[in-house]
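Trainee: Could we go through the aromatic contacts and the sheet of this model, with the reasoning spelled out?

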Amino acid sequence: MDKKALYDFIAKKTGKCAIAVVGDVMLDKYYYGEVTRISPEAPVPITHVISQKETLGGAANVAHNLALLGTDTTICGFVGNDYHCSSLLDKLTARGINFSGLVHTTAPTTTKMRIIGGHQQMMRLDFEDTSPVDRPYMERLINYVCQRLSESLDAVIISDYGKGVCTEESCQDIIKEAHAHGVPVLVDPKGYEWTKYDGADYITPNIKEINEVLLEPISNEDEAVEKAARYVMRKYHIKNVIITRSEKGLTLVTQDAACHIPTWAREVFDVSGAGDTVIAVFALALAGGLSAEDSAYLANLAASVVVAKLGTYAVSREELLGAMKIRAAAEREEDI
């Protein structure tokens with residue numbers, strides 16, 4: 001592994017890659033406050049709101065990670081005609097993300113609103129409609145992705161959050177069309193119906209997600225994880241598997257080998273969003289011509305930055321380059 005080549009790629013070459021993210025686009029809203037008393041109206045805590053923020057969530061967070069690393073990024077999915085959509089589009093515009101692949105429907109823009117007292121999440125409010133969209137909306141989405149593939153893409157990411165975009169029809173149409181253009185497809189899965197991902201080049205479940213499709217759950221041990229990966233590779237005709245393993249890092253399983261990469265998180269506050277970072281950075285590195293093992297190394301390092309943050313977070317180019325320098329220095333000390 002040439003660490004200088006990895007550093008140079010992130011520093012200078014990510015802008016040459018074009019990636020489309022297809023999936024469940026969301027807006028994440030956070031209200032931070034203090035809890036000092038119980039409401040006289042009902043036995044619930046009163047939260048005095050001190051600050052608030054809105055961030056890109058779901059598939060939009062995957063796109064956010066790519067954009068912060070300088071990638072030519074396109075987001076494809078469904079949104080509503082509401083205030084949350086306006087806020088979402090403003091944030092995509094600010095990050096230079098192409099959102100011409102967003103299809104406006106009659107359903108609300110998927111939004112998760114979290115109320116946080118101190119460092120503890122007290123409540124989450126979800127604005128969404130996960131019922132199947134009307135066929136014309138789905139056809140418009142698939143046609144757009146096919147059009148982008150015919151223009152120029154280096155990779156397609158399917159980011160499934162179970163909100164209605166990633167059906168068997170849409171996933172299979174996208175996978176087949178991408179392969180017809182020689183473009184790899186990477187999937188961040190959801191649920192237990194993995195037949196819709198049949199034929200994907202990479203899939204990136206965590207331990208909980210892969211356990212949902214196994215006959216018997218596995219422990220978070222190297223041998224068991226590799227065996228589970230090969231099972232899903234055979235059953236769903238998936239070429240490669242990356243399993244994120246929380247405190248144990250991640251495992252990359254290919255047709256010929258398995259690579260276990262330990263975690264390098266110095267502090268862990270929140271693992272939410274780490275999967276988005278892993279698939280974004282891995283896809284970017286792969287699209288840039290790096291090997292699968294080198295791509296997995298970068299993805300694991302990027303995730304170590306994200307889990308040290310609270311809430312949904314996207315890693316920037318500067319943060320990743322900083323983490324690479326620190327990790328390289330630590331590895332040199334280990335060798336002494």
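**Rings and strands**

Mentor: Start with a cluster: W194, Y197 and Y236 are linked by ring pairs. Keep in mind that the model is predicted.

Trainee: How many aromatic pairs does the structure hold?

Mentor: A ring pair is described by the distance of the centres and the angle of the planes. The number of aromatic pairs in the structure is four.

Trainee: Are the rings of Y30 and Y32 stacked or edge-to-face?

Mentor: The ring centres of Y30 and Y32 lie 6.0 Å apart. Planes under 30 degrees apart count as stacked. The planes of Y30 and Y32 are at 10 degrees, so this pair is stacked.

Trainee: Is Y32 buried or exposed?

Mentor: Buried means under 20% relative accessible area. Y32 has a relative accessible area of 18%, so Y32 is buried.

Trainee: Which residue lies over the face of Y30?

Mentor: Y30 itself is buried, at 2% relative accessible area. At 5.2 Å from the ring centre of Y30, and over its face, lies K53.

Trainee: Which strands stand at the edges of the open sheet?

Mentor: The nine strands follow the order β5-β4-β1-β8-β9-β10-β11-β12-β13, with mixed pairing. An edge strand here has a single partner, so one side of it is left without a neighbour in the sheet. The edge strands are β5 (98-104) and β13 (258-261).

Trainee: What is the bridge partner of C76 in β5?

Mentor: Strand β4 (residues 72-79) runs parallel to β5, and five bridges join them. In β5, the partner of C76 is G101.

Key
Residues numbered from 1 in each chain as written. Predicted model: local features only at pLDDT ≥ 70, side-chain atom pairs only at ≥ 80, totals over all residues. Heavy atoms only, no water. Phe/Tyr/Trp six-rings, centres within 6.5 Å; stacked < 30°, edge-to-face > 60°. Buried < 20%, exposed > 50% of the residue type's maximum accessible area, 1.4 Å probe, protein only. Lys NZ or Arg CZ within 6 Å of the ring centre and 35° of its normal. Pairing = 2+ DSSP bridges. Helix = DSSP H or I, 4+ residues; strand = E, 2+ residues; numbered from the N terminus.
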